[in-house]
Amino acid sequence: MARVALRSAAWAERWFPDAWVFAALGVVLVALAAFAFGATPVATVNAFGDGFWSLIPFTMQMAFVVIGGYVLATAPVVARFIDVLARAPRSGRGAIVYIALVSMLASLLSWGFSLVFGGLLVRALARRTDLHMDYRAAGAAAYLGLGAIWAMGLSSSAAQLQANPASMPPGLLAITGVLPFSQTIFLWQSIVLTAVLIVVSLLVCWFTAPSDANARTSKDFDIGESSTPALPPRTRPGEWLEYSPLLALAIGLLGLGWLGHEFATKPAVTAIANLNTYNFLFLTLGILLHWRPRSFLDAVHRAVPSTAGVLIQFPLYGGIAALLTHVPGADGSTLAHRLSNLFVHIAGQESFPAVMGAYSAILGFFVPSGGGKWLVEAPYVMQAANDLHVHLGWAVQVYNAAEALPNLINPFWMLPLLGVLGLKARDVVGYTFVQLVVHVPLVLGMLWLLGMTLDYVPPVMP
């Protein structure tokens, strides 16, 4: 299995173009499909142009999920906290399981935070001379937050989008209505699924970790001591405020005051479901924990390149969503309606979660973007869920659980973590592939079984 995983990763790295190319191809294919069913050129180009900028709020919100998570994870006080956490494991194998647990729990708060935090924890443990920890398996364990359960947590793009009507394309809102967190990530069925995935992932980490005799440590990869650049010394008088904590303290206190009012006047679940509040919380903590504006700004500069894919791809996904939902064919039916009818014919009410989960997982390997792919997929799968009377919130969770599966072997999302660790995808994908083999039947089976415990609720409009 490890050899198959290594070959698949090598093939993907060699032959897969940038994810933007897949988004652009998606636009072309959907437009051609619209023409094939009798859509007029005027309606098609107008829908694409109108939809292109429809996701600007959501695009910026997703970019700030990345920035906020990175900034918080690289704060100096967090680095010291990581050093404290790194004292706990007593064996190399135990350290790998420990990294996996911390990474997955952190991903329930923010996938961006989890990637960087997990990578820095691996580096801290690698500095311990008393541990003989396999650096490759440890890197794979740090990736499990994004590869296993990230979409079941607070930074789930699909759940956040469905809870925020202002961020949704109008065509999708008309199909699904508003789905608060209580109907998606906080369903007891979702919590059970997440808990089972964590336990099983930890067991796989334990049984696949190399023995001390076979372990390759960070020294074998010539990994240096530090992964986060130190704050450079001040060189001119104009930099005084950049190195003083005064501005960070003032902005941080203002931010904490607003957050305190927000959580005091609203239920906690409602408050954190607002993407603006969620990002504001991470940025405020990041400013305070970096303490000096220069440190905070340097962290932002290092985080911004990771947002390039979000910024340039999401407008295309907005165009695709509009093409799917707003362009009628010769008979007046949109592509979303035709695709939803196809799902209704293929799946029944009970089998829909498993069918949708398998479809989402396969599509996710070619469209590696949780929020962007949801905008492409949601108009027709959610219409099918309505037609089959499947619980709409569980349909979102079906997508979330299946969305993580292709991440386990797709190099696209590994890049930020690999940058921290100084590794290549081929170094870790052998271990993550074993996780994938275990997760696929487990996830699809549980989605099907737990889905039978939920009843359909019609869409609720804001």
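Buried here means under 20% relative accessible area. Keep that cut-off handy while you click through this predicted model.

**Stop one: Asp427.** Select Asp427, which lies in helix α24. Is Asp427 buried or exposed? Its relative accessibility is 17%, so it counts as buried. Now show what surrounds it: setting aside neighbours within four places in sequence, Asp427 is in contact with Arg136 and Phe221.

**Stop two: helix α12.** Next, pick residues 188-208, the 21 residues of α12. From first C-alpha to last, this helix reaches 30 Å, close to the 30 Å expected at 1.5 Å a residue. Colour its buried residues; among them are Gln189, Ser190, Leu193, Thr194, Leu197 and Cys205. What covers them?

**Stop three: annotated spans.** The unreviewed UniProt entry lists residues 137-159 and 186-209 among its "transmembrane region" spans. Select 186-209: the span is 88% helix and 0% strand, with its end C-alpha atoms 32 Å apart. Then try 137-159, where the end C-alpha atoms lie 31 Å apart and the span is 65% helix, again with 0% strand.

**Last stop: the surface.** Switch to a surface view and select Trp20, Val21, Leu25, Val28, Leu29, Leu32, Phe35 and Ile312. Together they form a nonpolar patch with about 730 Å² of accessible area. Which helix gives the most to the patch? That's α2 (residues 19-36), with 7 residues; Leu32 is found in this helix.

Terms used:
Residues numbered from 1 in each chain as written. Predicted model: local features only at pLDDT ≥ 70, side-chain atom pairs only at ≥ 80, totals over all residues. Heavy atoms only, no water. UniProt positions renumbered as here; feature names shortened; annotations may be inferred. Helix = DSSP H or I, 4+ residues; strand = E, 2+ residues; numbered from the N terminus. Expected span 1.5 Å × (residues − 1). Buried < 20%, exposed > 50% of the residue type's maximum accessible area, 1.4 Å probe, protein only. Patch = residues over 30% accessible without salt bridge, like charges linked within 9 Å, V, L, I, M, F, W, Y side chains within 5 Å. Areas by Shrake-Rupley, 256 points an atom, 1.4 Å probe, with all protein chains shown as cover. Salt bridge = Lys/Arg side-chain N within 4 Å of Asp/Glu carboxyl O. Contact = heavy atoms within 4.5 Å.
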